[in-house]
Every structure is written in C-alpha cells, then in structure tokens.
Amino acid sequence: MEKLKLVCCKCGNLMETLPGSSQDVIIDEETGEMLYWSGQKCGYRTIDCIVCEKCQEKGC
Ligand SMILES: [Zn+2]
C-alpha cells in the first residue's frame, strides 16, 4: 500500500499515519469525497484539510 502524504493543514506538521480519531471515515453524499473525522471541534474534513492530533486538541 502506498503511503499517503499527510500534512496538517493547521500547523503544516507531516504525519506518518492518520490520527487515531481520523480512522473514522465517511463519504460525502454530494461530492463523493472521503471525509475524515478530526475531533469534535473540527468535525469531518477532506484528506487535504486534515488536522493532526495536537491541533485537534487545540481546536479549529
Ligand atoms: Zn497540526
């Protein structure tokens, strides 16, 4: 499996893996895009707008 380049869109931090909470994925019914859970404050976000665990704690 090819590794995704995961960059936090808040702080620019490069993530090796998806944050644990972002294993929760849904498909946007309108756009067909995959949305990753990014914590209660950030909600569901697309892969190019994902936030790291630290930023999830701080809030969006
Ligand atoms: Zn971050």
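1. Overall make-up. The chain holds 1 helix and 5 strands. Helices (H or I, at least four residues) and strands (E, at least two) are DSSP runs, numbered from the N terminus. Along the sequence the pattern reads β-β-β-β-β-α.

2. Basis of the model. This is a predicted model: local features need pLDDT of at least 70, side-chain atom pairs count only at pLDDT 80 or more, and totals for chains, interfaces and linings use all residues. Numbering starts from 1 along each chain as its sequence is written.

3. Confidence. pLDDT is the predictor's confidence in each residue, from 0 to 100. Its mean over the chain is 90, and 93% of the residues reach 70 or more. Among the elements, strand β1 (residues 6–7) has the lowest mean pLDDT, 91, while β3 has the highest, 96.

4. Overall dimensions. The C-alpha trace spans about 30 × 30 × 15 Å along its principal axes.

5. The sheet. Three strands form an open sheet in the order β3-β4-β5, with antiparallel pairing. The edge strands, β3 (25–27) and β5 (44–46), each pair on one side only. Neighbouring strands are turned by 40° against each other on average, direction ignored. Here axes are lines fitted to C-alpha atoms, for helices over the stretch in contact, and angles run from 0 to 180 degrees between N-to-C directions. Two strands pair if DSSP finds at least two bridges between them.

6. First hairpin. Strands β3 and β4 run antiparallel and are joined by 3 bridges. Ile 26 stands opposite Leu 35 in β4. This hairpin has 6 residues between its strands, and Gly 32 takes a positive phi near 75°.

7. β4 (residues 34–37) pairs with β5 in the antiparallel sense over 3 bridges. Leu 35 stands opposite Thr 46 in β5. Trp 37 has Tyr 44 of β5 as its bridge partner. The hairpin of β4 and β5 also has 6 residues between the strands, and Gly 39 takes a positive phi near 90°.

8. Is Val 25 buried or exposed? Val 25 counts as exposed because it has 12 C-beta neighbours inside 10 Å. The cut-offs are 20 or more other C-beta atoms within 10 Å for buried, 12 or fewer for exposed, and partly exposed in between, with C-beta atoms placed from the backbone. Val 25 lies in strand β3. Neighbours within four places in sequence aside, Val 25 is in contact with Met 34, Leu 35 and Tyr 36. Contact requires C-beta atoms, placed from the backbone, within 7 Å. From Val 25 to Leu 35 is 10 residues in sequence and 5.5 Å in space, C-alpha to C-alpha.

9. The core. Buried residues make up 18% of the 60 residues. Which residues make up the largest nonpolar core? Its 7 residues are Tyr 36, Trp 37, Cys 42, Ile 50, Val 51, Cys 52 and Cys 55. Such a core is a set of buried Ala, Val, Leu, Ile, Met, Phe, Trp, Tyr and Cys residues joined through C-beta atoms within 7 Å.

10. Contacts across the sequence. Leaving aside neighbours within four places in sequence, Val 51 is in contact with Cys 8, Cys 9, Lys 10, Ser 38, Cys 42, Arg 45, Gln 56 and Cys 60. Among contacts in the chain between residues at least 6 apart in sequence, 32% join residues at least 24 apart.

Methods. Two residues are in contact if their C-beta atoms, placed from the backbone, lie within 7 Å.
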